[in-house]
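I opened the model to look up helix packing, nonpolar cores and salt bridges. My notes follow.

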Amino acid sequence: MPPSLPVSNASRNQQEVKSPGPNTRLGLVLDQLRSGDRIRVKTVVAGGSAAENGSIQTGDELIRVDGTTVTEMDVNGATDLIFDPQHRNRNSITPERSVKPTGAMGPETKRAGGKPCGIGMTVMDEPPHLVTFLQPNGPSHRSHAIEIGDCLVAIDKELVADMSMEDVVQRVIGEEGTEVDIWLERVPKGAQSYSHHEKADEIRAQLHRLAGLHQDGLLDKRSWQMEVEKCWKGCHSVRLTRGV
């Protein structure tokens, strides 16, 4: 039976990744954000059998290798399993993957009737929305201000730290060429706490109070903006232009 490399995502199809011969490399680089997280495909190396077939893409999650579940493994364990000498002469892999990685907010995101208008960034489906992938040469990548592992907190002065993936994507997309301001929290590697996600209810109540003061004329626009930005204390902001 050919070894399988299922990848978890929402909608699935199955294709067979074939290697022309036993000495052909698979060409996958795996990554794991923190201990205990799912292992994801970080890079599909050009020239490898995976790249030539095109069935596996950056951002896909690794679930099983040759029938062995790897969701509880670290990257080293999964890599050792993939390159186990017992399977050195295998010539095919069967991935199970989605048409598009979940959490993607890249140029392929479209508004009905509009042009591509994403920001070239993928985050985790469930809060906290950690950045898992930056599209090479996309808006987020070109900013040089966003790193894998950053936690998405706010979009255009609206708290998104605890929102669903669908709601987050709706706030990211827009007309190509328009700007969007995003706020991200960066925590030490290995940290398990994201303050803006954990205090979302408190922050949202404060934003609602500030909006009321601004609408009632008790806060001018500049003062309101300054007070809102205090809600993102400890975060850094990035202004991006939607597009490719």
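Entry 1, helix packing. In this predicted model, I looked up helix 6 (residues 200–215) and helix 7 (residues 221–230), whose axes come within 10 Å and cross at roughly 175 degrees. Angles over 145 degrees count as roughly antiparallel, so I noted helix 6 and helix 7 as roughly antiparallel to each other. From helix 6, Leu207, Leu210, Ala211 and His214 meet Lys221, Trp224, Glu227 and Val228 of helix 7. I sorted the residues of this contact into five nonpolar, one polar and two charged.

The largest nonpolar core has 21 residues, of which Met121, Ile146, Ile155, Val168 and Ile182 touch the most other members. Helix 4 (165–172) and strand 15 (179–185) are among the elements that each supply at least two residues of this core. Helix 4 gives the largest share, four residues. Another core, of 15 residues, lies apart from it and includes Leu159, Ala161, Leu210 and Leu219.

My search of the whole structure found seven salt bridges. I then asked which residues are linked in a network of salt bridges. They are Glu147, Asp150 and Arg186. The closest N and O atoms are 3.4 Å apart for Glu147 with Arg186, and 2.8 Å apart for Arg186 with Asp150. Arg186 lies in the loop between strand 15 and helix 5 and Asp150 in the loop between helix 3 and strand 13, so this pair ties together parts 36 residues apart in sequence. Asp150 is buried at 1% relative accessibility, whereas Glu147 is partly exposed at 44% and Arg186 partly exposed at 39%.

Notes: Residues numbered from 1 in each chain as written. Predicted model: local features only at pLDDT ≥ 70, side-chain atom pairs only at ≥ 80, totals over all residues. Heavy atoms only, no water. Axes fitted to C-alpha atoms, helices over the stretch in contact; angles between N-to-C directions. Parallel < 35°, antiparallel > 145°, perpendicular 65-115°, else oblique. Contact = heavy atoms within 4.5 Å. Nonpolar A, V, L, I, M, F, W, Y, C, P; charged D, E, K, R; others polar. Core = buried A, V, L, I, M, F, W, Y, C linked by side-chain atoms within 4.5 Å. Buried < 20%, exposed > 50% of the residue type's maximum accessible area, 1.4 Å probe, protein only. Salt bridge = Lys/Arg side-chain N within 4 Å of Asp/Glu carboxyl O.
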